[in-house]
Amino acid sequence: MAVFLSLFLGILIGGALFQDSALVEEQGLLITQMETRFRELQANLSSLQQELDFSHEAWLAIRDLVFSGQMLNKTVVLVTETTDEFSSLIEALELAGADLKTLSFTELAGVSSGEDLALILPLTDQEPDGPSLEQLGRLLKDGAQVAYVSRSVETPFSNDFSEGLYIDHVDTVFGEIALVLGLAKGSRGQYSFQAGAVGFSP
């Protein structure tokens, strides 16, 4: 768009400075070509958007099919201060049959340990305090799974609580699928589109 606008302004300025009929005619042809090209680009953009919307809907359908019953009898605790940015993830976990709880770090003390417990820890700039880390360590020692997650645009902080499952695109359908399958299988390692990852999904 910026290129087209610059060319168009250049043509208008040139036409104002030079009134030669041949130049004006050439400018008219260029403007017509630009308008045609612009309409083609708009049509292509609209077509690509339709394909993107269809692809997203198709992946949601696949997600729903894959998730059915994957996490029955599994207690999942999403450790976060706010659930607003994780509404889609919460929906995905509930769809998979998980018994989902959302707690802050300070509320971890009331969580019972067990092998059917999975903890989801969003990697943000907010780090847990000492008592919360101790409780987290006890839960992991007693067999709880841990999954560290972040959004595609975020860079996780470097603290490493324990070896676990890492998903760094949990704000996408692909990330939701990777997280649910990883928790259901007890997978470990980093799953993402980045180089060096174990793979896209467990």
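Predicted model: local features only at pLDDT ≥ 70, side-chain atom pairs only at ≥ 80, totals over all residues.

**Reading a helix and its core**

Q: How many residues of α5 are buried?

A: A residue is called buried when its relative accessible area is under 20%. By that criterion 10 of the 13 residues of α5 are buried, and the helix is mostly covered. Among them are Val173, Ile177, Leu179, Val180 and Leu183.

Q: Why does the span of α5 agree with its number of residues?

A: The expected span of a helix is 1.5 Å times one less than its number of residues. For the 13 residues of α5 this gives 18 Å, and because its end C-alpha atoms are 18 Å apart, the two values agree.

Q: Which elements give two or more residues to the largest nonpolar core?

A: This core has 27 residues, and those touching the most other members include Met71, Leu93, Ile120 and Leu179. The contributing elements are β1, α3, β3, β4, β5 and α5. The largest share, seven residues, is from α5. A second core of 16 residues is separate and includes Val77 and Leu139.

Q: Where is Met71 found, and is Met71 buried or exposed?

A: Met71 lies in the loop between α2 and β1. Its relative accessibility is 2%, so Met71 counts as buried. Beyond four places in sequence, Met71 touches residues including Val76, Leu93, Val180 and Leu183. Leu93 in turn is in contact with Ala98, Leu100 and Ile120, among others.

Definitions and conventions:
Residues numbered from 1 in each chain as written. Heavy atoms only, no water. Core = buried A, V, L, I, M, F, W, Y, C linked by side-chain atoms within 4.5 Å. Buried < 20%, exposed > 50% of the residue type's maximum accessible area, 1.4 Å probe, protein only. Helix = DSSP H or I, 4+ residues; strand = E, 2+ residues; numbered from the N terminus. Contact = heavy atoms within 4.5 Å.
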